[in-house]
Amino acid sequence: MERVCLTHFSVSLKQTLTNTIKSLHLIHVDLSYCLMIDDEDLWSLCKNNPFIKTLKLTYCNQITNDGVRDSLHMLVRLETLDIEGIKNGGTAFFLDDTQPH
């Protein structure tokens with residue numbers, strides 16, 4: 001599976017999906033409006049899926065800028081990041097190979 005869309009999902013990843021997400025090789029992930037997803041969930045997702053290219057975290061209001069900063073260095077192929085509405089602000093970013101991840 002390369003793509004997962006869990007918009008409006010109301011359960012923390014660590015409660016239900018941790019083992020499943022570890023076994024996937026995700027490339028496109030949309031967790032928009034998943035209000036229970038937090039920094040720890042994001043870190044686990046990134047650690048176990050380092051080849052994610054597109055990550056949408058729109059209005060995941062339990063995720064902070066610090067959580068994004070601490071997790072994104074693991075995503076070696078990240079091209080698009082949408083963090084509009086997370087704690088401490090956020091917007092969409094488009095990354096290319098010339099920028100450090």
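Among contacts in the chain between residues at least 6 apart in sequence, 68% join residues at least 24 apart, where a contact means heavy atoms within 4.5 Å. This is a predicted model, in which local features need pLDDT of at least 70 and side-chain atom pairs count only at pLDDT 80 or more, while totals for chains, interfaces and linings use all residues. Residues are numbered from 1 along each chain as its sequence is written, and side-chain values use heavy atoms, with hydrogens and water left out.

**The whole chain**

Display the chain as a cartoon. Four helices and five strands are present; helices (H or I, at least four residues) and strands (E, at least two) are DSSP runs, numbered from the N terminus. Their order along the sequence is β-α-α-β-α-β-α-β-β. Next, show the surface. The accessible surface comes to about 5,800 Å², and carbon and sulfur atoms account for 53% of that surface; the areas come from the Shrake-Rupley method with a 1.4 Å probe, and for residues only the protein chains shown count as cover. Of the 101 residues in the chain, 41% are buried. Buried means under 20% relative accessible area, exposed over 50%, and partly exposed in between (1.4 Å probe, protein chains only).

**Helix α3 and its cap**

Select residues 39-48, which form helix α3. The buried residues of this helix are D41, L42, S44, L45 and C46. For C46, the relative accessibility is 0%. Then select D38, which caps the N-terminal end of α3: a side-chain oxygen of D38 lies 3.1 Å from the backbone nitrogen of E40.

**The nonpolar core**

Select L31, I52, L55, L57, I63, V68 and L81. Within the largest nonpolar core, which has 21 residues, these touch the most other members. A nonpolar core is a set of buried Ala, Val, Leu, Ile, Met, Phe, Trp, Tyr and Cys residues joined through side-chain atoms within 4.5 Å. Helices α3 and α4 (65-72) are the elements that give two or more residues to this core. The largest share, three residues, comes from α3.

Move to S32, in the loop between β2 (28-30) and α3. Is S32 buried or exposed? S32 counts as buried because its relative accessibility is 7%. Its side chain makes a polar contact of 2.6 Å with the side chain of D30. A polar contact is a pair of N or O atoms within 3.5 Å; within protein, one must be able to donate a hydrogen and the other to accept it, and residues adjacent in sequence count only if both atoms are side-chain atoms.

**The aromatic pair**

Select Y33 and Y59. The structure holds one aromatic pair. Y33 and Y59 form this pair, which is stacked, with 5.4 Å centre to centre and 20° between the planes. Y33 lies in the loop between β2 and α3 and Y59 in the loop between β3 (54-56) and α4, so the pair ties together parts that are 26 residues apart in sequence. Rings of Phe, Tyr and Trp (its six-membered ring) pair if their centres lie within 6.5 Å; planes under 30 degrees apart count as stacked, over 60 as edge-to-face and the rest as tilted. Y33 is partly exposed at 38% relative accessibility, and Y59 is partly exposed at 34%. Phi is positive in both residues, near 65° for Y33 and near 55° for Y59.

C60 is in no disulfide, and the nearest cysteine sulfur, that of C34, is 5.3 Å away. C60 is buried, with a relative accessible area of 0%.

Notes:
A disulfide is a pair of cysteine sulfur atoms within 2.5 Å.
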